[in-house]
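I opened a new notebook page for this structure. The entries below follow the order in which I looked things up.

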Amino acid sequence: MSRIHNGAFETAGEVSFRKEELERYSRHLIIPEFNIAGQRRLKQSRVLVVGTGGLGSPILSYLTAAGVGTIGILDFDVVDESNLQRQVLFTVDDVGRPKVEAARERLHALNPNIRLIVHNRQLTSDNALEIIDDYDLVVDGTDNFPTRYLVNDACVILGKPNVYGSIFRFEGQVSVFNYRFEDGSFGPNYRDLFPTPPPPGLVPSCAEGGVIGVLPGIIGSLQANEVIKVLSDVGQPLAGRLFLLDALGFETRTLKIHTDTDAPPITELVDYEHFCGLDLSNDEPGVKEISVSELAELGESSADYQLIDVREDFEYEIANLGGTLIPLGEIDNAIQSISADKKVIVYCRSGARSARAISSLESKYGFENLYNLKGGILAWAEEIDPTMARY
Amino acid sequence: MANIIIPTPLRKFTNNLPTLESDGETVIEVISDLSGAFPELKPHLFDDQCDIRKFIRIFVGDEDIKALDNEATPVDENSVVSIVPAIAGGAR
């Protein structure tokens, strides 16, 4: 087990390199301020990468290529066709395989000198401390608020640095949280920056809001660079600072962030789904539902019903069920288009937005004939029409 | 005229404008000015007690207003006010 010393990690005993390794890492070894001492620190370090997706792909690739000795790969997902636009670790042949397995194969081929540890599971409050304790540093390449707060809190409790990156459409954020300075003090953590998450539904995920494919490549590479700096103790890590990239306007900013001295100390892990309000809002209470198979039967019957699609027009172009398009944000202006008499089935991509639409229409206008298509157009593509594009 | 940088998730409330200008002389005047011009933005910036929401940080230049004078931090025509929300994307 390595220990933290002056922001870097040192282990008793000499780390040696074989000829093949010296040649592989030669471009590192000839950098005066990095040299074999930096390479040695990388080799003796243990890094956990949480999330093997858009950010995880470049992070894992560069850390493996750079010679970080032990790398933990944590994810519970399988490779999906829609991942390939940005998750460059994977190929067409990997679709349907566990991401961690596909990643391990690819990374082992890249650098067989690295010890790769696969965690094919979800990080939870029950296992996070035990998993993270085995590593010197954690890289946050996750895609949701509950896991980001969980990673942060576990790192704070265990005193590990957390190299953070996050993306949305064309915008990215990077920081090094909970960095231990030479005087033993710790830099700000994620909760110092954002004490609480936004309410569910306010900030869309990449799955809902989209992301330009190259952006995780940029942000994940910046995270990998910070990991290498922290591990090798070279340069000034992005601790106490937040880097922002707007790739659309090509604007960058580096802002100062501070420890919140009024914040309650983080001493234990909590229920992060509850903390982020997700256990309360997955489904709108009381909203009537219809399954995709019931809708398919309805379509084949002579029943009179109305179908309303509350997605955006650009989503409608990818796939649709022929419903009347009324985007969620415009629904208050289109009340007259919604039948108050016959059965009205409202749908979106996954069923979340349509549930919100129904809940709002019922409470504001007293509709009683609205049914939410359970699982949305994704469920329709999965169960009824496999030729339909999923996104 | 302070320059305000609008983050991507909030641009749908500002007619997709990435930057805006305000005559406000303090951060709260600038932010109130903004939410007055774009009423749909207001609930995303302020909570029920009219405090700036905890998943949004405001910076003047490169400094967090918490380290300055909070919402009373003065701004002038050279100030760049950044609104920075929590975003979570990364894996899927």
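Predicted model: local features only at pLDDT ≥ 70, side-chain atom pairs only at ≥ 80, totals over all residues.

Of the contacts in chain A with a separation of 6 or more, 69% are between residues 24 or more positions apart.

Next I noted the overall make-up. Chain A has 16 helices and 15 strands. Its C-alpha atoms fill a box of roughly 80 × 50 × 40 Å along the principal axes. I looked up burial too: 42% of the 391 residues in chain A are buried.

I then turned to helix H4 of chain A, residues 56-66. How many of its residues are buried? I found 9 of the 11, so the helix is largely enclosed by the rest of the structure. I wrote down the buried ones: A:Gly56, A:Ser57, A:Pro58, A:Ile59, A:Leu60, A:Ser61, A:Leu63, A:Thr64 and A:Ala66.

What do these buried residues pack against? I listed helices H3 (35-43), H5 (99-110) and H10 (215-232), together with strands E3 (46-50), E4 (70-74) and E6 (137-140), in chain A. I also checked the position just after H4(A), where A:Gly67 takes a positive phi of about 100 degrees.

My last entry is on A:Arg356, which lies in helix H15 (residues 352-365) of chain A. Is A:Arg356 buried or exposed? A:Arg356 has 20 other C-beta atoms within 10 Å, so it is buried; the cut-off for that is 20 or more.

Key: Residues numbered from 1 in each chain as written. Chains lettered and ligands numbered in written order. Buried ≥ 20, exposed ≤ 12 C-beta atoms within 10 Å, placed from the backbone. Helix = DSSP H or I, 4+ residues; strand = E, 2+ residues; numbered from the N terminus. Contact = placed C-beta atoms within 7 Å.
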